[in-house]
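The following note sets out numbered remarks for a colleague who is examining the model. Please read the points beside the structure.

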Number of protein chains: 2
Amino acid sequence: MKTVFWLAALAAAPAAAAPAPSLQEILDHAPPSDWRTVDPARTLYMELSGGRVVIELAPTFAPNHVANIKALVRAHYFDNAAIVREQDDYVAQWSQPDEAKPLGEATKTLKAEFTRTYAAATPFTPLPDPDTYAAATGFTDGFPAARDPKTRATWLTHCYGMVGAGRDNDADSGGGTELYAVIGQAPRQLDRNVTLVGRVLSGMELLSSLPRGHGDLGFYQGAEKPVAITSVRLAADLPADQRLEIKALRTDSATFAAVVHNRRFRQDAWYKVPAGHIDVCNVAVPVRITGPKA
Amino acid sequence: MKTVFWLAALAAAPAAAAPAPSLQEILDHAPPSDWRTVDPARTLYMELSGGRVVIELAPTFAPNHVANIKALVRAHYFDNAAIVREQDDYVAQWSQPDEAKPLGEATKTLKAEFTRTYAAATPFTPLPDPDTYAAATGFTDGFPAARDPKTRATWLTHCYGMVGAGRDNDADSGGGTELYAVIGQAPRQLDRNVTLVGRVLSGMELLSSLPRGHGDLGFYQGAEKPVAITSVRLAADLPADQRLEIKALRTDSATFAAVVHNRRFRQDAWYKVPAGHIDVCNVAVPVRITGPKA
């Protein structure tokens with residue numbers, strides 16, 4: 001198979017070797033088994049007036065928060081919610097302004113899930129380059145993650161598009177009623193300080209291009225209007241013919257390894273000096289979405 | 001002086017020592033000599049309908065591009081220009097749609113200024129943490145920069161808000177008629193591949209919150225309207241009473257060292273685990289702007 005041939009060629013002669021496949025060619029030749037179907041039971045559709053934001057939840061890292069968010073969604077907690085904070089180069093944050101809104105089977109706060117202990121069997125595809133913040137970075141189940149081999153702790157990293165559960169000063173004061181997405185340079189100082197619960201698979205521009213808020217911390221204030229969220233639904237709760245078909249490249253696949261290599265050593269006509277390195281937050285996990293529009 | 005006392009205390013007992021000064025306290029106690037006046041002869045005011053973007057040029061790194069951009073500005077080349085590209089998590093780019101617009105004493109293209117050789121006397125304040133992309137990172141003249149001690153090359157890094165000169169495939173095909181600003185995760189793979197010419201000191205949100213373009217590479221297409229740039233002026237060319245007073249914290253000052261320490265070890269009540277590290281693109285150089293509005 002061509003993909004295998006390429007990968008063998010890459011392994012034998014990395015860096016500036018003869019014509020390397022383009023990113024598109026790599027993806028076009030990926031065997032179907034290198035793509036996974038994103039589980040509708042961990043996929044949220046958040047509807048804004050401007051369109052739909054699709055979020056994949058990360059139960060591997062934050063099982064309790066994910067279960068709680070799903071309970072909130074099933075209680076329609078986020079219907080008529082709003083994006084209330086838009087801080088430049090930092091986060092877009094949303095919540096339910098109606099404080100009396102029922103939580104359904106969810107709770108307001110949960111014990112923090114900042115890190116998890118990993119086992120030998122925990123999937124992890126490491127990146128080869130040093131990271132400023134962690135001993136090791138890479139991917140677990142499609143999500144950017146870091147590890148500390150000394151403590152055997154692993155955690156999700158605050159890359160562009162990652163979604164977290166806001167909290168107050170108490171570590172256990174979050175739970176998913178306030179969520180945020182990273183819209184700028186990865187604020188990695190937040191790693192291990194907030195529970196990350198997933199990532200935006202599509203629609204990031206709907207969150208990143210909103211007017212910035214001018215209250216403290218970028219909250220909208222005065223005449224600035226929060227942006228309405230019509231509804232948030234779990235894909236699995238919709239009839240099958242209303243669900244999107246979402247495929248994400250498996251981060252433990254040979255094709256993903258080829259993608260990472262391609263991004264470390266850009267070889268198109270424009271680049272003069274391939275970086276030869278890559279940051280975990282500069283690797284976009286390829287996603288293909290088809291199906292009915294919102 | 002209190003600042004000196006604090007710095008001595010920090011040096012003696014870093015990390016989680018007793019009550020550390022807040023970022024605001026550090027800045028409030030900075031001696032005036034730790035601030036520099038940003039030179040009006042290297043400051044651009046770019047006027048959009050939504051407000052003003054202030055850019056500091058970097059002649060230390062790109063003397064020829066900076067001189068060329070100043071010549072373009074003096075020819076009013078960017079008056080009635082437009083932001084023509086807005087690619088999510090990447091760049092906002094602007095240019096002059098009128099191809100017949102006179103260049104004044106400027107030229108369309110210039111030899112690339114991707115890197116410079118540094119000397120012993122070249123100022124550089126290194127950061128202590130490893131960087132994914134470069135052997136060393138830190139600050140030179142207020143700008144985020146990287147170094148390779150083997151080749152004695154130094155270059156500016158593509159952090160949020162950095163401004164560069166777009167080019168075609170030929171390395172020497174840029175010159176400053178097409179400029180861009182980074183609006184997302186630092187695209188460090190561009191380092192040493194494009195000539196960076198400066199950074200945005202204020203008004204980033206005017207560039208980062210624009211609607212994303214849906215043509216190739218995020219160019220606006222079809223019914224999507226480029227965003228008008230009314231004018232770009234060099235601060236030094238304006239009467240003194242129309243100039244902003246801009247102070248930037250000197251990156252070779254003791255106060256800046258304290259700021260970096262504060263950002264590496266966050267100690268306010270919210271943080272539970274200080275990162276203990278910082279990426280060059282996560283250090284915001286403090287800037288104070290006063291004076292007449294646009």
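1. Arg288(B) and Asp28(B) form a salt bridge in this predicted model, with the closest N and O atoms 3.9 Å apart; the term denotes a side-chain nitrogen of Lys or Arg within 4 Å of a carboxyl oxygen of Asp or Glu. Arg288(B) belongs to strand E16 (residues 287–290) of chain B and Asp28(B) to helix H2 (residues 23–28) of chain B, so the pair ties together parts that are 260 residues apart in sequence. Helices (H or I, at least four residues) and strands (E, at least two) are DSSP runs, numbered from the N terminus. Arg288(B) is partly exposed at 35% relative accessibility, and Asp28(B) is partly exposed at 47%. Here buried means under 20% relative accessible area, exposed over 50%, and partly exposed in between (1.4 Å probe, protein chains only).

2. This is a predicted model, in which local features need pLDDT of at least 70 and side-chain atom pairs count only at pLDDT 80 or more, whereas totals for chains, interfaces and linings use all residues. Residues are numbered from 1 along each chain as its sequence is written, chains are lettered from A and ligands numbered from 1 in the order in which they are written, and side-chain values use heavy atoms, with hydrogens and water left out.

3. A second salt bridge of chain B joins Asp129(B) to Arg264(B), with the closest N and O atoms 2.9 Å apart. Asp129(B) lies in the loop between E7 and E8 of chain B and Arg264(B) in helix H5 (residues 254–264) of chain B, 135 residues apart. Both Asp129(B) and Arg264(B) are buried.

4. In chain A, the side chains of Arg212(A) and Glu86(A) meet in a salt bridge (3.5 Å, N to O). Arg212(A) sits in the loop between helix H4 (204–208) and E14 of chain A, while Glu86(A) is in strand E4 of chain A, 126 residues apart. Arg212(A) is buried at a relative accessible area of 4%, and Glu86(A) is buried at 0%. Over all chains, the count comes to 24 salt bridges.

5. Just after H3(A), His76(A) takes a positive phi of about 55°, although it is not a glycine. Most residues other than glycine have a negative phi. His76(A) is partly exposed at 35% relative accessibility. Leu217(B) likewise has a positive phi, of about 60°, and is exposed with a relative accessible area of 51%.

6. Asn68(B), in helix H3 (residues 63–74) of chain B, is buried at 6% relative accessibility. The side chain of Asn68(B) reaches the backbone oxygen of Thr107(B) at 2.8 Å. Not counting residues up to four places away in sequence, Asn68(B) touches Ala106(B), Thr107(B), Leu110(B) and Gly175(B), where contact means heavy atoms within 4.5 Å.

Note on methods. Polar contact = N/O pair within 3.5 Å; in protein donor to acceptor, adjacent residues only side chain to side chain.
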